[in-house]
Amino acid sequence: LVASSSPCRIDGQVLSFFSGRKWGARQTIMIIDRGQIDGLNQGMRFAIAAPNQADEDLGDAIIYSLTPHFSLGLILSASQPRERGSRIQGTAAAGQ
């Protein structure tokens with residue numbers, strides 16, 4: 001069997017912020033409900049969207065620390081503060 005290198009979509013959710021607040025803005029650390037078993041890697045970038053507006057890109061983040069089930073990301077940009085429950089959307093190579 002040959003592993004596929006085609007990308008797969010990863011969707012997740014912001015569970016919390018290290019600040020303990022309900023909102024996070026640029027340079028805020030967030031906890032994401034996806035990890036290594038979901039195909040995330042250190043350095044991956046994700047779009048951030050409002051909880052009920054998954055098609056509207058409102059910022060981006062980078063993954064910098066991973067566990068099997070959770071990840072830590074840093075918000076790099078945001079057009080407005082992000083709230084808990086915000087959606088993250090990214091792409092990973094299949095078979096990672």
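Me: On what basis are residues numbered, and which pLDDT limits apply?
Reply: Residues are numbered from 1 along each chain as its sequence is written, and side-chain values use heavy atoms, with hydrogens and water left out. As this is a predicted model, totals for chains, interfaces and linings use all residues, whereas local features need pLDDT of at least 70 and side-chain atom pairs count only at pLDDT 80 or more.

Me: How many helices and strands does the protein chain have?
Reply: Helices (H or I, at least four residues) and strands (E, at least two) are DSSP runs, numbered from the N terminus. Along the sequence the pattern reads β-β-β-β-β-β-β-β. The count for the protein chain is therefore zero helices and eight strands.

Me: What percentage of the residues of the protein chain count as buried?
Reply: Buried means under 20% relative accessible area, exposed over 50%, and partly exposed in between (1.4 Å probe, protein chains only). The protein chain has 96 residues, and the share that counts as buried is 35%.

Me: What share of the contacts with a separation of 6 or more comes from residues 24 or more positions apart?
Reply: A contact means heavy atoms within 4.5 Å. Among contacts in the protein chain with a separation of 6 or more, the share from residues 24 or more positions apart is 64%.

Me: Which residues is I63 in contact with, leaving aside its neighbours within four places in sequence?
Reply: I63 is among the residues with the most contacts inside the largest nonpolar core. With neighbours within four places in sequence left aside, its contacts are I32, L40, N41, Q42, G43, M44, F46, S71, L72 and G73.

Me: How far apart are the closest N and O atoms of D60 and R45?
Reply: A salt bridge is a side-chain nitrogen of Lys or Arg within 4 Å of a carboxyl oxygen of Asp or Glu, and the structure holds three. In one of them, D60 pairs with R45, the closest N and O atoms being 2.3 Å apart. The pair links distant parts of the chain, with D60 in strand β5 (residues 57-66) and R45 in strand β4 (residues 45-49), 15 residues apart. The closest N–O distance is 2.3 Å.

Me: Is D60 buried or exposed?
Reply: D60 lies in strand β5. Because its relative accessibility is 17%, D60 counts as buried.

Me: Which residue forms a salt bridge with D11?
Reply: D11 is partly exposed, because its relative accessibility is 30%. The closest N and O atoms are 3.2 Å apart, and the partner is R9.

Me: Which residue forms a salt bridge with R34?
Reply: R34 has a relative accessible area of 25% and is therefore partly exposed. The closest N and O atoms are 3.4 Å apart, and the partner is D33.

Me: What is the phi of Q27?
Reply: Q27 is found in the loop between β2 (23-24) and β3 (29-32). At 45% relative accessibility, Q27 counts as partly exposed. Although Q27 is not a glycine, its phi is positive, at about 70°.

Terms used: Core = buried A, V, L, I, M, F, W, Y, C linked by side-chain atoms within 4.5 Å.
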